[in-house]
Each structure stands twice: as structure tokens, then as C-alpha cells.
Amino acid sequence: MKIQLKKWHKIFFIGLMLVIAVVLSAEKFTEKSRAKEAQANLNLYLELRYTILFDFLKSMGTEVRSASTNHLVPSSAANLSLDWQQLSSNDKRMIEDVFQKKNDPFTLGNANKIQAQYLQHLQAFEVYAKKFIDHFGYYDLFLIASNGDVVYSFAKEKDFGTNLINGPYNKTALAEIYQRAMNLSAKGIESNKEVLIFSDFEAYAPSKGEPASFCGYPIQMNGKTIGVLALQIPTSYINKMMQFTAGMGTTGETYIVGHDKLMRSQSRFTEEQTALKKNVDTESVRLGLLGKKGTLVTRDYRGVKVISAFAPIDFGGHPWVVLAEIDAEEIYRGLSEWTMGVLVLGILVVAFTSFIYRKK
């Protein structure tokens, strides 16, 4: 009897160990399968965002180059630059004040001859600029004279009328764009039609400190650079690309981080501004800034365990990292409950089988 009892215990123990081993192996296999599927999906989302960003840069280049060669742009830049130079300091201040107050500058009954000439040229260009802005969705369009004077701005904020060499905004990204565009030689422009100058995003003071990036292209007339056409790019452009999360579950998101490890887009998990505000010093970002691409399980900027896919991207000469991530908890949700349920069921089967064997 004792021998049979020992044998029954042995069978029960072996059966129990087998059930545990099989269930844990199945759990590991399921976990790997889910992780593999999640990584494949994240890489797909990452590739889509990468492609969209690349196409965005390419189309922007086409738009700016095309605009700079429109007959209205060189002629308006030349006329407005000449008019602006002829205005006195008081004339300029008066025009700037009128624009800052958002009044209609074309109803100035006391405009002198030079002011009226400038405003006439401005009005002629404003029609084109409005159509361009409305069609492509940029925040602002600038005409910058060769000497650095901002002689036209569609938004007409505090940078309008200032000088980008010795004025209050000579250290901004807009000033950087102007300097780089003016330094391009006519021969260099002719030999490289794809050249386009971008700045990284910065908190731009004239736009109330909102994040802004700029791109620019030299304006040429008779083979000579007479100024710069510049466009201001708001983060809303980038956010539209990154915040499309269809198919990414409740915790999936894509976002961008710059070389300074600050976000360049808005997080889906907060309404507070994260562009240029949120520091993301994660393993994925560090590897991406080293030029590496891959997927891994790590902690994100919230300290949450995620599956992360990352890749570097060159944004007009500025190193960025594009990331697609989803919470690991969402991927493995229900797995532990499934494991426990199968384990309990397996133990019951082993116990029942052993009980029947013992009865026999």
C-alpha cells in the first residue's frame, strides 16, 4: 500500500512539473510572439513617419525654390528693399507701429510719398503671399533684403522691420537662415538645385516664444543674390504627422527628439507643451543620435516600460530621432491571467488523473 502511495505521489509530482514546464514555455513563446508582432508593427509605423517627414522636407524644398523664382518675388524684394532704405527712421517706426496694432496700413491718410510707395509695393506682394500661406499652411513668409532688413513679413510680428545683422533678433534661427542663404554663391546655387537651408526648432521670441523652425532660399536677379525668401514652420506641421495614432492602441505613439534630447513634437499623453520642453534621455534616443536604428524594450520619458522602435533622420542638416513606442503592459495584457488559468486547469487535470490511477 505504501509503495503504491509513493508511486501515486511520484506520478502526481512528475505530472505537476510537466504541466508547469509546458505552461511556462507556452507563456514565453506567446510573450515572444506578441513582442515580435509589436516590433513589426512599430517598425511599420516608424517607416511611415520617416517617409512622411522625408517627403515633407522634399516638398518644402520644392515649394520654397519655386516661390523664390516666381516673378513677383525678385521684383517685390528689390522694390521693397529700395523703398525701405529710402524711408526715414520715423517713417519706418510709423509703419511698424501700424502693423503691430493690426490696423489697415493702406488707409493711412497721412502717408508721405515714400511711405505710400512702399505700401503700394507691399500690397501688391501681399496678395501673392496670402495665397501661398493659405495654400501651403506656413506660419509666416519673409522677404529679407541683402543688408539684413526684414522688409516684408506676412504675420508682421515684432521681427518685421528689424535687421538680422545688428537688430534684436540677430541671434535667432531666422538670422541664421538669412546668413547661410546669403553665403551661398550663385555658382553653388546653379550647380545644386536641391540646396535648401533649414534651421532646427527654437523658442522664437517674436512669436511669443512658440517653437518655430525656418527654411530659406536665396532670391536672385540677373545672376546676383538680392535677398532671401524665408518661411516659418510651426510645430503644428510636425504634430499632424506624428499624432496620427490609428492602429497603435491606447498607448502607442510616435514622436521626434532633437540633438539636444528635447522633444520636437507633442506627446499624446499630456496637453502641456512638450516641444522644446520635454527632455527625453532614453536608451533609444541615445542610440538614435549615434546613427543607429533598432527596437528594444526600455523605459520611455514617462518612466514606463515600453517596446521602442527608433531611427535617426537628418532634418535639413540637424540630427533628429524618430521613435514609435507602445507600453509593454498593453502588449502583454491578459497574458499572466491566461498563464494562471491554464496552470490551474493543468493541475486539476493532473490531480484528477492521479486520483483515478490511485483508485485503480
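Predicted model: local features only at pLDDT ≥ 70, side-chain atom pairs only at ≥ 80, totals over all residues.
Lys208 sits in the loop between strand 4 (202-204) and strand 5 (210-221). Its phi is near 60°, a positive value in a residue other than glycine.

Now look for Lys156, in the loop between strand 2 (150-153) and helix 5 (173-182). Lys156 also has a positive phi, of about 55°, although it is not a glycine. Is Lys156 buried or exposed? With a relative accessibility of 6%, Lys156 counts as buried, because buried means under 20% relative accessible area. The table puts the two lysines side by side.

| Residue | Phi | Relative accessible area |
|---|---|---|
| Lys156 | about 55° | Lys156: 6%, buried |

**The chain as a whole**

Stepping back, the chain holds ten helices and ten strands. Of its 360 residues, 46% count as buried. Among contacts between residues at least 6 apart in sequence, 57% join residues at least 24 apart.

In soluble globular proteins, nonpolar side chains tend to be buried together. Here, the largest nonpolar core has 59 residues, and Tyr118, Leu143 and Ile233 have the most contacts inside it. Helix 1 (residues 2-69) gives the most to this core, contributing ten residues.

A second, separate core has 17 residues, among them Val150, Leu164, Ala175 and Ile177.

**Helix 2 against helix 4**

How do helix 2 and helix 4 meet? The axes of helix 2 (residues 72-86) and helix 4 (residues 113-136) come within 9 Å and cross at roughly 155°. The two helices are therefore roughly antiparallel to each other, since angles over 145 degrees count that way. Their crossing is left-handed.

On the helix 2 side, the contact is made by residues including Leu72, Val73, Leu80 and Trp84, while helix 4 brings Ile114, Tyr118, Leu122 and Phe125, among others. Which kinds of residue make up this contact? They divide into nine nonpolar, five polar and one charged. Tyr118 of helix 4 takes part in this contact, and Tyr118 is also among the residues with the most contacts inside the largest nonpolar core.

Technical notes
Residues numbered from 1 in each chain as written. Heavy atoms only, no water. Core = buried A, V, L, I, M, F, W, Y, C linked by side-chain atoms within 4.5 Å. Buried < 20%, exposed > 50% of the residue type's maximum accessible area, 1.4 Å probe, protein only. Helix = DSSP H or I, 4+ residues; strand = E, 2+ residues; numbered from the N terminus. Axes fitted to C-alpha atoms, helices over the stretch in contact; angles between N-to-C directions. Parallel < 35°, antiparallel > 145°, perpendicular 65-115°, else oblique. Left-handed = near helix turned anticlockwise from the far one by under 90°. Contact = heavy atoms within 4.5 Å. Nonpolar A, V, L, I, M, F, W, Y, C, P; charged D, E, K, R; others polar.
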